[in-house]
Amino acid sequence: VDRSYQCKDVLILAYQSFGVLFGDLSISPLYVFKSTFSGNLSNYQSEDVIFGALSLIFWTLTLLSLFKHVIILLNADDNGEGGIFALYSLLCRHAKFSLLPNHQTADEELSTYHNPRYSYRNPQSLTVKRFAERHKKAKTALLLLSSSLHNFSANRYYLQFSVRLAIEGVKVRSSELHYGVVLIIACILLVGLFVLQHRGTYRVAFMFAPIVILWSLSIAAIGVYNILKWNPRVYKALSPYYIYTFFRDTRYDGWISLGGVLLCVTGAEAMFADLGQYTAVSIRAAFLSKNFAAVSTSFYASIPDSLFWPVLVMATLAAIVASQSVISATFSIVKQCYAIGCFPRVKVVHKSKWFRGQIYIPEINWVLLVLCLAVTVGFRDINHLGNAYGLTYMSAMFVTTWLTALIINFVWGQSLVLALLFALFFGSIEIIFLSSSFIRISKGGWVPLVLSVIFMLIMFVWHYGSRKKYLYDLHNKVPMKQILTLGPSLGIVRVPGIGLIFTALVSGVPATFTRFLTNLPTFYQVAVFVCEKTVLVPYVPQKERYLIGRIGPKSFRMYRCIVRNGYKDVQKNEDDFENDLIMSIAEFIQLEAEGSGTVEGSVDGRMAVVRTSEKFGKRLEISELERNGEASSSMPPTILNSSKSHILQYLQSTYEMESPGSTLRRRVRFKLQPDMNYRDPNVKDELLELVEAKQSGVAYVLGHSHIKAKMNAPCLKRFMIHVAYLFLRKNCRAPAVVLNIPQTCLIEVGMNYYL
């Protein structure tokens, strides 16, 4: 996505951000003072105490939301992307620790790998090396996972917390209203909110933005009215002196009340987490234009009788809108966990044609709805719900502070003293709030901690099983000497067509391939070993996505294709991958013959980056066919020479057109350029063979693994593999579904893994 936005684009994104990011901060008047004065602090009603609470809220919002997030943290982007994964990605690239095992040197030459705005510290320096050796495994992974889980848990609690508080406003004027009525209304609103998610963040933002703007203007006007009517001296609360008088008068009770004060900054993390859906400029413009005017002037206010019901309706709608930001952030977190192998396979849907960062995950959407309804029904006391939310939220904010301090030192190249000053200043503020929240664990705070542990175990088990499986494949890969001794025919019958063998290995031949040949001694004339992997950058440009190389001599017709995706890249529901792969291999064959592989892209051993988008149509000519196999009106009818029987072709076309949930596949025809001159006639023969193989058909070969623990494995390991990991594998999306592979083109090879 081009980040050089014009003024019109910035205004559009700023308008959208009202409907997604700032609803959370805007509805703070609904619950901050209520939660702050919910305990023993309700016995303190002096003007100094109330002014002190307002001063605490104002300066907390100023320091943590404005200075930390808006001014500093929005600069710590990873090629325009924000969130805790952006911080982790930067640290992985420049402090040399990562959860991903298949890193290659060529990955560091991606155009998005380095950000020219940063003055990077040399990754080979002694300080960075020592830090990487000591912390490259458990500690950083634990920080990442725990913070992500706290975000997931905090987001889930905020949804019902904000909606319940808005609905309970009815009880102010209707004290006889039964609790069950409030509960039913809150559940209906939550269900409606989650049902809307399939329309995408882009549409939801445009629908909800006017509501947040009207709500902010309403509470600002009501705040000014009440200040002028009841106490014009409230401006004195902006002085930090009243913070001192607050703790002087309230002491322990004032410290306990900090768990309610911290709720004024909820939503600040969402600004950074959803940075990729907007821009730093648009978020800053929206924040400065509304939040202090809408929030800080309305705490010491009451709603006039004549405006109560209209404002209550507006508050309910604003609370629903505020929940949108945390749903969007949850989708983003889960997508990134899944990309680095720390979450089971899910379906990720890209919902905006204009901006690629806006996604929707159906499974997470419905799981989140069920959990929200369960907590809404289970928590009768709204204050306990606020306690649970505040604890999880401040935990995530505290972890973000220390990761940002590492960014300042290792990525921005600033001094260690400056990084420590940042961590100590903001960390000390957050640890005070966090200590107050821990006191409330017995009053509802224990529930998010338990759920966080459960979700952390899910992520740990999935990552553990996936990594063990990868290491098993790496240890049991077939030596190249064994492949070379078989000769060009591989000792089997080669039939027309292309076989795509999917593997997690970036080098060597997987055992899946030899097992296939052992059971069925035949394979396609062109074999391509495909590895789809995640690189720790948010997005990989299309022209740098494919890394192509050979396996064995040219006569073997065996290639390797490494498809590199960023942790925020989303696979489209189209079959362009197949066509892009053929074009990339054709480009590689020609570049190899011309000896220009090192000119066009970097080389990693025998692998070369093929910049496909610059060369499309120069090596091969591509034209689209109709769904029934006939040529479209733009070209004369063509009969394809195919090795498939008429029955198989009929079954494939029937499956593609009638299978539930499947999309019609785009079918194209390749042919060589008639006016292309080839210095080496062997290149033309190889390209012609590639085209004929593509016309004969493409098959996808995937390993169908059966994971088992060794007989002498410890009991804990056997439980994790046989029970926990197996349960997750059976209840997540199959690899063929995630890759959008038609069943008629799929070949699964059974493999036993003894871990």
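Helices H4 and H19 are oblique to each other, because their axes cross at roughly 140°, and angles over 145 degrees would be needed to count as roughly antiparallel. This is a predicted model, and everything I say today is computed from it. H4 covers residues 47-72 and H19 covers residues 416-438, and their axes come within 12 Å. The crossing of H4 past H19 is left-handed.

Who makes that contact? On the H4 side, the residues are Thr60, Leu63, Leu64, Phe67, Lys68 and Ile72. On the H19 side, they are Phe422, Phe425, Phe426, Ile429, Glu430 and Phe433. By class, nine of the contact residues are nonpolar, one is polar and two are charged.

Staying on H19, I want to point at Ile432, which is found in that helix. Is Ile432 buried, exposed or partly exposed? Ile432 counts as partly exposed, because its relative accessibility is 43%. If we set aside the neighbours within four places in sequence, Ile432 is in contact with Trp255 and Leu258. Trp255 is 177 residues away from Ile432 along the chain, yet their C-alpha atoms are separated by 8.4 Å.

Now a step back to the chain. It has 755 residues, of which 57% count as buried. There are 28 helices and 12 strands. Among contacts with a separation of 6 or more, 85% are between residues 24 or more positions apart. The accessible surface comes to about 32,200 Å², and carbon and sulfur atoms account for 61% of that.

H20 contributes Ile458, Phe460, Val461, Trp462, Tyr464, Gly465, Ser466 and Lys469 to the contact. From H27 come Lys717, Met720, Ile721, Ala724, Tyr725, Leu728 and Arg729. The class count for H20 with H27 is 10 nonpolar, two polar and three charged residues.

As background, most residues other than glycine have a negative phi. Asn79 is not a glycine, and its phi is positive, at about 55°. Asn79 sits in the loop between H4 and helix H5, which spans 84-95. With 22% relative accessibility, Asn79 counts as partly exposed; the cut-off for buried is under 20%.

Leu490 also has a positive phi without being a glycine, with a value near 60°. Its loop lies between helix H21, at 480-484, and strand E3, at 493-502. Is Leu490 buried or exposed? Leu490 is buried, because its relative accessible area is 5%.

Last, helix H22, residues 511-519. Which of its residues are buried? They are Ala511, Thr512, Phe513, Phe516 and Leu517. The strands that these buried residues pack against are E3, E4 (522-535), E6 (558-566), E11 (698-708) and E12 (746-754).

Notes
Residues are numbered from 1 along each chain as its sequence is written. This is a predicted model: local features need pLDDT of at least 70, side-chain atom pairs count only at pLDDT 80 or more; totals for chains, interfaces and linings use all residues. Side-chain values use heavy atoms; hydrogens and water are left out. Helices (H or I, at least four residues) and strands (E, at least two) are DSSP runs, numbered from the N terminus. Buried means under 20% relative accessible area, exposed over 50%, partly exposed in between (1.4 Å probe, protein chains only). Contact means heavy atoms within 4.5 Å. Accessible areas come from the Shrake-Rupley method with a 1.4 Å probe; for residues, only the protein chains shown count as cover. Axes are lines fitted to C-alpha atoms, for helices over the stretch in contact, and angles run from 0 to 180 degrees between N-to-C directions. Angles under 35 degrees count as roughly parallel, over 145 as roughly antiparallel, 65 to 115 as roughly perpendicular and the rest as oblique. A crossing is left-handed if the near helix is turned anticlockwise from the far one by less than a right angle, and right-handed if clockwise. Ala, Val, Leu, Ile, Met, Phe, Trp, Tyr, Cys and Pro count as nonpolar, Asp, Glu, Lys and Arg as charged, and the others, Gly among them, as polar.
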